[in-house]
Amino acid sequence: MAKGPPQTVGICDRMDGMKNSWLILLCLMLISPSVATAQSLTKFGIQLKPMIASKFLDAGSENVTNGEYEVSVTPLLGYNFGMVVRRDFGKMWSLETGISTVQRNYRIKYFHPAFEEHPELTFRFIGYEIPIQGLVYVRLGKQLWMNASGGASLDLYPSEVESYTDIRKDTLVLDISQMTYRTNWLQFAVLANVGFEYRTKESGGFYLGASFHRPFKEIGTTITNAQLNGNPSPLAFQLNGTYLTVDLRYFFHENPNRKKVPMRNAPEKLG
């Protein structure tokens, strides 16, 4: 019994830059010193958020059948990685934005009555997120803070993805494939977060928390096809896209009292 190696093909689409210009303007306004009070402080950080799918969130494993064969669709561990820009307004609340790369991973397992072996396909669905949320703080100790936040996210999906493989038994050949189509290239999602931050004077801030991300509608449609000896049999299901994360963040140290140092030995103006 021979099994062909799975293959994956990404199909990238061009985005209209004019449609994103207001997003860039919004981020610039958020980090611009001219829009904040003198006591405000901008922090920059990086984050890594392992993504956990849950049946409780309607994003766990599910079985789909068309009468001829059955597939089991399981979301796998994914990740969210990117940068964070936080603008503090006083000591009790902040605004936060940034941009992250998001990779959702899935496994499809096929159950066909003509085969004892159950072939599998795995694929990843790539997206980008631009969150905008407000944070409220509670001080728990000299350097320990707790925060809760909420807001919205602009989710971008630049490509669609296809993968395929095959399995053989005697004279039978089962070709299986999946094609995942995005619902829209730009969608909205709701965000909620809670976490703890340990702030140091010289080494920056260390953050541990959890986030909930729920799109307002399905992020894509997967059409899978099990073709036995050339006879196609398609089957479709929706990708929910909801997930929980464990949030790991580091904020770089920034001195709010630093002053600009005038340049010395500046070259004289010519003429």
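## Strands, core and cavity: a guided tour

Visitor: Which strand holds Ser177?
Guide: Strands (E, at least two residues) and helices (H or I, at least four) are DSSP runs, numbered from the N terminus. By that numbering, Ser177 sits in strand β9.

Visitor: Good start! What kind of model is this?
Guide: Residues are numbered from 1 along each chain as its sequence is written, and side-chain values use heavy atoms, with hydrogens and water left out. Local features need pLDDT of at least 70, side-chain atom pairs count only at pLDDT 80 or more, and totals for chains, interfaces and linings use all residues, since this model is predicted.

Visitor: How many helices and strands are there in the protein?
Guide: The protein has 271 residues, and 42% of them are buried; buried means under 20% relative accessible area, exposed over 50%, and partly exposed in between (1.4 Å probe, protein chains only). Its elements are one helix and 14 strands.

Visitor: Among contacts between residues at least 6 apart in sequence, what share joins residues at least 24 apart?
Guide: A contact means heavy atoms within 4.5 Å. Counting contacts between residues at least 6 apart in sequence, the share that joins residues at least 24 apart is 72%.

Visitor: Back to Ser177: how far is its C-alpha atom from that of Asn225?
Guide: Ser177 has 22% relative accessibility, so it counts as partly exposed. Leaving aside residues up to four places away in sequence, it touches Ile223, Thr224 and Asn225, among others. Although Ser177 and Asn225 are 48 residues apart along the chain, their C-alpha atoms are separated by 5.3 Å.

Visitor: Which side chain makes a polar contact with that of Thr222?
Guide: Thr222 lies in strand β12 and counts as buried because its relative accessibility is 0%. Beyond residues up to four places away in sequence, its neighbours include Gln178, Met179 and Thr180. A polar contact is a pair of N or O atoms within 3.5 Å, where one must be able to donate a hydrogen and the other to accept it, and residues adjacent in sequence count only if both are side-chain atoms. At 2.9 Å, the partner is the side chain of Thr180.

Visitor: Which members of the largest nonpolar core touch the most other members?
Guide: In soluble globular proteins, nonpolar side chains tend to be buried together. A nonpolar core is a set of buried Ala, Val, Leu, Ile, Met, Phe, Trp, Tyr and Cys residues joined through side-chain atoms within 4.5 Å. Of the 22 residues in the largest one, those that touch the most other members are Val71, Tyr110, Phe125 and Leu174.

Visitor: And which elements give two or more residues to this core?
Guide: One of the core residues is Val71, whose contacts include Ile108, Tyr110, Thr224 and Leu235. The elements that give two or more residues are β4 (70–89), β5 (93–111), β6 (120–139), β8 (159–169), β9, β12 (220–228) and β13 (234–239).

Visitor: What is the volume of the largest cavity?
Guide: A cavity is a set of points on a 1 Å grid, over the protein atoms alone, where a 1.4 Å probe fits but cannot get out, and its lining residues have an atom within 4 Å of a point. Points are joined across faces, edges and corners, and the volume is the space filled by probe spheres set on them. The structure holds one cavity of 30 Å³ or more. The largest has a volume of about 170 Å³.

Visitor: Which element gives the most to its lining?
Guide: The lining has 22 residues, with Lys49, Pro131, Gln133, Leu191 and Arg249 nearest the centre. With five residues, the top contributor is β5.

Visitor: Which residue's side chain makes a polar contact with Arg249?
Guide: Arg249 is part of strand β14 (residues 243–251) and counts as buried because its relative accessibility is 7%. It touches Gln133 and Glu96, among others. The polar contact of its side chain, at 3.0 Å, is with the side chain of Gln47.

How values were computed. On a 1 Å grid over the protein atoms alone, a cavity is a set of points where a 1.4 Å probe fits but cannot get out, and a pocket is an open set with protein on both sides within 12 Å along at least five of seven lines; lining residues have an atom within 4 Å of a point.
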